[in-house]
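Q: Hi! Could you walk me through a structure I have just opened?

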Amino acid sequence: MAFTIHGLAVSQGIAIGHAHLVSHALLEVNHYHVAEKYLNEELYRLDDAVATVRGELMGLKAAAATGQAHTEVGAFVDLQIMLLADPMLVDAARKLVAERRCNAEWALVQQMELLVEQFQAIEDPYLRERQADVVQVVERLVKVLLGHPAHLPAKRRDGLGTIIVAHDLSPADTIGFRDHNIAGFVTDAGGPTSHTAIVARSLAIPAVVGVHRIRDLVEDDELLIVDGTRGVVIVGPDEQIVEEYRLRRTELELERSKLKRLKDARATTLDGEDVNLLVNIEGPKDIGAARAVNADGVGLYRTEFLFIGRDSLPDEDEQYEAYRSVLKAMGKRPVTIRTFDVGADKALNGVARPEPNPALGLRAVRYSLAEPKMFLTQLRALLRASVHGRLRIMIPMLAHAHEIDQTLMLIDKARAELRAERIKFDEGVQIGGMIEVPAAALALGMFIRRLSFLSIGTNDLIQYTLAIDRSNEAVAPLYDPLHPAVLKLIGATIQAGARFGLPVSVCGEMAGDPAYTLLLLGMGLRNFSMHPSNVLEIKQQVLRADLGELAPKVQRILKMDEQARVREAVERLAAAAAKPLSV
């Protein structure tokens, strides 16, 4: 009998196929004593496993470079290769083997658990989920040490694909599965920024994550339907249900192919208002994806990816090269580069600095101002790169006027140093700030007087407004972009920017979700920044929008104070605008 399970939809589309259960019991290893005369042999066994896994990862990186997901997967594989050289993992495990005369598998798992505890204290959702990299690297090492061969599903005779059902998946896993007719992914763990979600989106493979205990409810080879648009998994569907979803899948694929025709169309509303659709990137590797959808520019370049996962900080020249390459590639289109957004809960050199409450601690601009030498190096690199394109510098998580003033003083210092050294830079680089905490949204005047543009980081703004950690499973359902308080803060920020002639963008997940496009347009938003894969779908929404009709409806929504009423009204907006497009 068929039954339905609900999870988190992270990669759109519909998959129909047979379940392939991936075991997660590999890390439950035995602990045994190694005689002193065999210690060197045990250490050699560990080193040999490290070399084997490094070779596997290098091979997977080469395979990823030829595939459509190389921009997403390459960075993750690089991080896992670096973990193999991290003294906190392998060297510490070697020390455990030598000092406690234990087997290598057990030593690795002990060190992994210690590192995972440190990652779990990190406030930032993306960085916290990188604990999965540590687990997956150790899992690969243990697999080699135990002599477990990689097992990949064979192609099915009935023509249906394979749906991977796992606790979680690494990017290396997904690339290894690439040539094995994989139709979809379902995992116990994960969220919008998990490996499975990111790689599935880049490969355009339907995925549902956060389906707790899925591996206990599904049998190997059982027929599944994965609806990555609605977050639904159907176990054991009958032929009638399968046919219904085949038809729905065909309709979705047709819609996707139509979207590609919008690539070169200008994002203009029905009543002639131009809208800028920009992209969020993590480095030069993502420029290809931005060009593929003809993005209007880069609305958010996350520079922290230059800093994390390494033993030493990138120097000024290395940073300059990274920024320069993106600016040159984008030509005359604007590139907004955010200064590094990290927290003191994970120091950049990998040494943890625990805080009682890292979510409210030394992070983002606070961290930058606490490390002025490091911050000045980044500012100099940014200014040097500014001659190669249209640079805009953005400061994260502002809450106080003095934070802006101190940042502007450091920027002036960087300018003075470069002038003294006769190094060219653009004197007109705009400086902007992110509105991510309620205090900033409620006291915009001090930012408007000092900055040239604003960007609303909805992910953090929602979390801080509602006092909800969206990665905490106990409260994640309460994370709601449509909470009236959240909408009032977003709407007031957009309106204040319009009143004072200050451009405002949204660069959080709301910007890339078509369910909220009309709402944001009706609030007055004209600058959206999102993952490149979302640009064409958002463009379709813009082309269908009539702002003259939308604005009064949205203003009425902003006056509502019941979430259920807000949600119903937003759904009515989308239904009314769902008209066919002719391009």
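Q: Great. What should I know about the model and its numbering?
A: This is a predicted model, so to speak of local features we need pLDDT of at least 70, side-chain atom pairs count only at pLDDT 80 or more, and totals for chains, interfaces and linings use all residues. Residues are numbered from 1 along each chain as its sequence is written, and side-chain values use heavy atoms, with hydrogens and water left out.

Q: How many helices and strands are there in the chain?
A: The chain has 23 helices and 16 strands. Helices (H or I, at least four residues) and strands (E, at least two) are DSSP runs, numbered from the N terminus.

Q: And what share of the residues counts as buried?
A: That would be 54% of the 583 residues. Buried means under 20% relative accessible area, exposed over 50%, and partly exposed in between (1.4 Å probe, protein chains only).

Q: What about the accessible surface?
A: The accessible surface comes to about 25,400 Å², and 52% of that belongs to carbon and sulfur atoms. Those areas come from the Shrake-Rupley method with a 1.4 Å probe; for residues, only the protein chains shown count as cover.

Q: Helices next. What can you tell me about α3?
A: Helix α3 covers residues 87–100, and its buried residues are Leu-89, Val-90, Ala-92, Ala-93, Leu-96 and Val-97. Residues three or four places apart in an α-helix point the same way, because there are 3.6 residues a turn.

Q: Which residue caps the N-terminal end of α3?
A: Asp-86 does, with a side-chain oxygen 2.8 Å from the backbone nitrogen of Met-88. Just after α3, Arg-101 takes a positive phi of about 50 degrees.

Q: How far does α4 reach from its first C-alpha to its last?
A: Helix α4 (residues 104–120, 17 residues) reaches 24 Å, close to the 24 Å expected. The expected span is 1.5 Å times one less than the number of residues. Buried residues in α4 include Trp-106, Met-112 and Phe-119.

Q: And α19?
A: Helix α19 runs over residues 484–499 and reaches 22 Å, close to the 22 Å expected. Among its buried residues are Pro-484, Leu-487, Ile-490 and Ile-494.

Q: You promised a buried aspartate. Where does Asp-227 lie?
A: Asp-227 is in strand β7, residues 223–227. Asp-227 counts as buried because its relative accessibility is 2%. Its side chain reaches the backbone nitrogen of Thr-229 at 3.0 Å, and a polar atom of that side chain lies 3.1 Å from the backbone nitrogen of Arg-230.

Q: What else is Asp-227 in contact with?
A: Leaving aside neighbours within four places in sequence, Asp-227 is in contact (heavy atoms within 4.5 Å) with Gly-13, Ile-14, Val-208, Val-232, Tyr-245 and Arg-248.

Q: Switching topic: how many aromatic pairs are there?
A: Two. Rings of Phe, Tyr and Trp (its six-membered ring) pair if their centres lie within 6.5 Å; planes under 30 degrees apart count as stacked, over 60 as edge-to-face and the rest as tilted. Tyr-301 and Tyr-323 are edge-to-face, 5.9 Å centre to centre with 80 degrees between the planes. Tyr-301 lies in strand β10 and Tyr-323 in helix α12, so the pair ties together parts 22 residues apart in sequence.

Q: And the other pair?
A: Phe-340 and Phe-375 form an edge-to-face pair, 6.2 Å centre to centre and 75 degrees between the planes. The pair links distant parts of the chain, 35 residues apart: Phe-340 is in the loop between β11 and α13, Phe-375 in helix α14. Both Phe-340 and Phe-375 are buried.

Notes: A polar contact is a pair of N or O atoms within 3.5 Å; within protein, one must be able to donate a hydrogen and the other to accept it, and residues adjacent in sequence count only if both atoms are side-chain atoms.
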